[in-house]
Every structure is written in C-alpha cells, then in structure tokens.
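Dear colleague,

Please find below the structure that I am handing over to you, together with its sequence. My notes on what was found in it follow directly after.

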Amino acid sequence: MTTDPAEAQPSWSALLALQQATHRTLHVLSARLAGLGLTGSETNALAHLADGRGWSMSELSAAAGSRPTTLTSVLDRLEGRGLVTRGSAPGDRRVVLIELTASGREAAAAIRAAIGTLERQALGSLPAGAIAGLRTGLHALTEVTP
C-alpha cells in the first residue's frame, strides 16, 4: 500500500491541494479571529508586521504576496482602524514605512498566536523531514515567475 498522494490518486495535483489547504486554513483562522473583524488580506498584512519592525511597502507587498496597489487599500483600512501607521523611512523620505500601533501589535500578536496554534494542530504529528519538504516545496512555488 502506498502513502504517496500522487500515486494513490493519479489526478492528484499539488497546486489544487495547496489551494484547498489555503481555503481551509483561512476559513479556520477567520473563525478563530472573528472578534478582530479583519479580512484575510488584513490578517495577512498584520501577521507579517508582527515582528515589530517597520516594513517598506515593497517588502510587505512581496512577503504578503500582494500587489502594491492592493496592499495600499488594505493599509488604508488598517490605518483607518488605528492598527498601522505609514510614514517616511529615516534617510529616504521616498520610502513609505509601515509600522504597527499599540492596537496593531495586540491584533498581530493574536493573529500570530492563532497561526501558531493551527500549525501545531495541523502539522505537529508530522516528522521533521516532512515539514522540511513542505517548506522546500512552498518556497519553490513562491519563486515561480509569470
């Protein structure tokens, strides 16, 4: 008996499985974070900003997998709710620097905690080699260019 999903189901697709997993995890996170009243894109941005440093627009756009124009509207909403601020980077006023406010840090910490819990629940029983393979595969997919 085989345990390789590709061998077990000839029509299995890594990309379709990834899409299904993405939708499911976003649904679970949305339910667990419903009290924050954030969209998936807002949650994604705050999760990246949770490290506490200021991010440039281009850095956050790349990390979040979002076009800068889309990210601008997300940041408009987050700024309107008092969760982020945008200002100039020291030494280069052309660079927009995005930072969390105190409220934003609280929301980002809750998001990261929910993500950590979900990852432990979903992946905690997998061996380290499987996690490393998953990380490698996901990284490879993020490097694909149009």
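Predicted model: local features only at pLDDT ≥ 70, side-chain atom pairs only at ≥ 80, totals over all residues.

Residues are numbered from 1 along each chain as its sequence is written, and side-chain values use heavy atoms, with hydrogens and water left out.

The sheet

Three strands form an open sheet in the order S1-S3-S2, with antiparallel pairing; two strands pair if DSSP finds at least two bridges between them. The edges are strand S1 (55–56) and strand S2 (84–89), each of which pairs on one side only. S2 is joined to S3 by 6 bridges, and S1 to S3 by 2 bridges. Leu97 in S3 stands opposite Gly87 and also opposite Ser56. The hairpin of S2 and S3 has 2 residues between the strands, and Gly91 in the turn has a positive phi of about 90 degrees.

Helices against the sheet

Helix H3 lies across S1, S2 and S3 and runs at about 100 degrees to S3. Helix H5 (residues 68–80) lies across S2 and S3, at about 120 degrees to S2. These angles run from 0 to 180 degrees between N-to-C directions, with axes fitted to C-alpha atoms, for helices over the stretch in contact.

The buried residues of H3 are Glu42, Thr43, Ala45, Leu46, Ala47 and Leu49, where buried means under 20% relative accessible area, exposed over 50% and partly exposed in between (1.4 Å probe, protein chains only). They pack against S1, helix H4 (57–64), H5, S2, S3 and H6; contact means heavy atoms within 4.5 Å.

In H6, the buried residues are Gly104, Ala107, Ala108, Ile111, Ala114, Gly116 and Leu118. Their packing partners are helix H2 (14–32), helix H3 (40–49) and strand S3 (92–100).

Two loop residues

Thr101, in the loop between S3 and H6, is buried, with a relative accessible area of 18%. Leaving aside neighbours within four places in sequence, Thr101 is in contact with Gly82, Leu83, Val84 and Thr85. Ser66 belongs to the loop between H4 and H5 and counts as buried at 19% relative accessibility. Not counting residues up to four places away in sequence, Ser66 touches Ser61 and Leu71.

A charge over a ring

The charged end of Arg53 sits over the ring of Trp55, 4.1 Å from its centre. The criterion is NZ of Lys or CZ of Arg within 6 Å of the ring centre and within 35 degrees of the ring normal.

Yours sincerely

Key. Helix = DSSP H or I, 4+ residues; strand = E, 2+ residues; numbered from the N terminus.
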